[in-house]
Amino acid sequence: MTIPDLSILVGPYTRLTLAINAAIRTHRAAMAASGVVALPTRGASPLARALALGPGTGEERWATFLEALPAAAEKPVFLSALNFLGAPAAAISARDLFPGAEELFTGLAGALTTPSRLVIGIEPLHCFFVASASDALAARVSKTGWEALYEISWADLVEEILNCFPGAETIVVTPESGMLRPGQLSETLFGLAGQAIPSRAFQDAHLTTEGRAALSQIAPEHASEPTLRELFERLGNVPEREVLASRFGIDRLTSTLLTQRFDEDVERFSAMAGVRLL
């Protein structure tokens, strides 16, 4: 499968994006041998943010990028830039999920002249809060009313990407992408280099310890989407209600509403030209 010259996973911290980043850290040498230069977030986030917000014109920022990563002139590059939108502690301000996103994507669009693709990971908002593991974000969420949380939309953020960066392909990855279709996810993101990443790298991130043990008992030929979906629904590592209540001030009704809001956003993606939902 052909992939663009440059792909940037712009984050944020979700169970799946963290798993993708961990897989890149572990398997980047094998991926490079298969023709893809993949960088985990420690190196990728500063490069991506410099492309968007660094000094100079877009052309000058691209030249600086190529100087820092010469391999980009020869092989497809995948930047796992989980902090591109900012650290988790910076999320949510005035009912805006990621303040400053418009400036970042506009700057990035002005620097890239090569075929490119943006990848964004989403999940129900309360799951994102837990995955982020940020005390500052938890404190902010606990002081935010459910009405304000319900107004926050992943689809609005993706529309902002489309408006600022109409020339880029946009891929949205969800928990289902990693749990039910890990092989398709790897191939879409990394082409043949995705074969270096085992399916469990993405599936385990969405299962409890008991769920991982149960998955080990399922023969590959029996691991159909319905079977995996049932396992995910029974033994998925969703946030515990006690943790949501004590750490984030989110009760059962609010988490249900946030899940419904997420489902509505996913529906909106199907009508967005230029968006591929995995």
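Two residues are taken to be in contact when heavy atoms of theirs lie within 4.5 Å. With that criterion applied to this predicted model, residues 24 or more positions apart account for 81% of the contacts with a separation of 6 or more. The protein has 15 helices and 6 strands. Its radius of gyration is 18 Å, close to the 19 Å given by the globule rule for 278 residues, so the protein is as compact as a globular protein of that length. Along the principal axes, the C-alpha atoms fill a box of roughly 50 × 50 × 35 Å. Buried residues make up 51% of the 278 residues, and the accessible surface comes to about 12,500 Å², with 52% of that area belonging to carbon and sulfur atoms.

Of its 8 residues, 7 are buried, so H5 is largely enclosed by the rest of the structure. The buried residues are Leu125, His126, Cys127, Phe128, Phe129, Ala131 and Ser132. Their cover includes helix H1 (15-33), helix H6 (135-142), helix H7 (146-151), helix H8 (154-164), H14 and H15.

Although alanine 133 is not a glycine, its phi is positive, at about 55°. With a relative accessible area of 60%, alanine 133 passes the 50% cut-off and is therefore exposed. A cis peptide bond joins glycine 11 to proline 12, with omega at about -10°.

Attention can now turn to the spaces within and along the protein. The count comes to 1 cavity of 30 Å³ or more, and the volume of the largest cavity is about 60 Å³. Its lining consists of Leu97, Glu123, Pro124, Leu125, Ile152, Ser153, Trp154, Leu258, Arg261, Phe262 and Asp265. By class, these lining residues divide into 7 nonpolar, 1 polar and 3 charged. Helix H15 (residues 252-269) gives the most to this lining, with 4 residues.

The largest pocket has a volume of about 680 Å³. It is lined by 26 residues, and those nearest its centre are Arg15, Pro124, Phe232, Val238 and Thr259. The lining comprises 11 nonpolar, 6 polar and 9 charged residues. Helix H5 (125-132), helix H9 (175-180), helix H13 (225-235), helix H14 (241-248) and H15 each supply at least two of the lining residues. The largest share of the pocket lining, 7 residues, comes from H15.

Serine 45 is found in helix H2 (residues 41-53). Its relative accessible area of 5% is under the 20% cut-off, so serine 45 counts as buried. Not counting residues up to four places away in sequence, serine 45 touches Ser80, Ala81, Leu82, Asn83 and Phe84.

Phenylalanine 65 belongs to helix H3 (residues 58-68) and is buried, at 3% relative accessibility. Once neighbours within four places in sequence are set aside, its contacts are with Leu6, Leu47, Leu51, Ala72 and Leu79. Alanine 193 is 128 residues from phenylalanine 65 along the chain, and 23 Å separates their C-alpha atoms.

Leucine 189, in helix H10 (residues 182-190), is likewise buried, with a relative accessibility of 1%. Beyond its neighbours within four places in sequence, leucine 189 is in contact with Ile3, Ile20, Phe78, Arg117 and Val119. From leucine 189 to glycine 54 the C-alpha to C-alpha distance is 26 Å, and the two residues are 135 apart in sequence.

Note on methods:
Residues numbered from 1 in each chain as written. Predicted model: local features only at pLDDT ≥ 70, side-chain atom pairs only at ≥ 80, totals over all residues. Heavy atoms only, no water. Buried < 20%, exposed > 50% of the residue type's maximum accessible area, 1.4 Å probe, protein only. 1 Å grid on protein atoms, 1.4 Å probe; cavity = no way out; pocket = protein on both sides within 12 Å on 5 of 7 lines; lining within 4 Å. Points joined across faces, edges and corners; volume = space filled by probe spheres on them. Nonpolar A, V, L, I, M, F, W, Y, C, P; charged D, E, K, R; others polar. Rg over C-alpha atoms; globule rule 2.2 N^0.38 Å. Areas by Shrake-Rupley, 256 points an atom, 1.4 Å probe, with all protein chains shown as cover.
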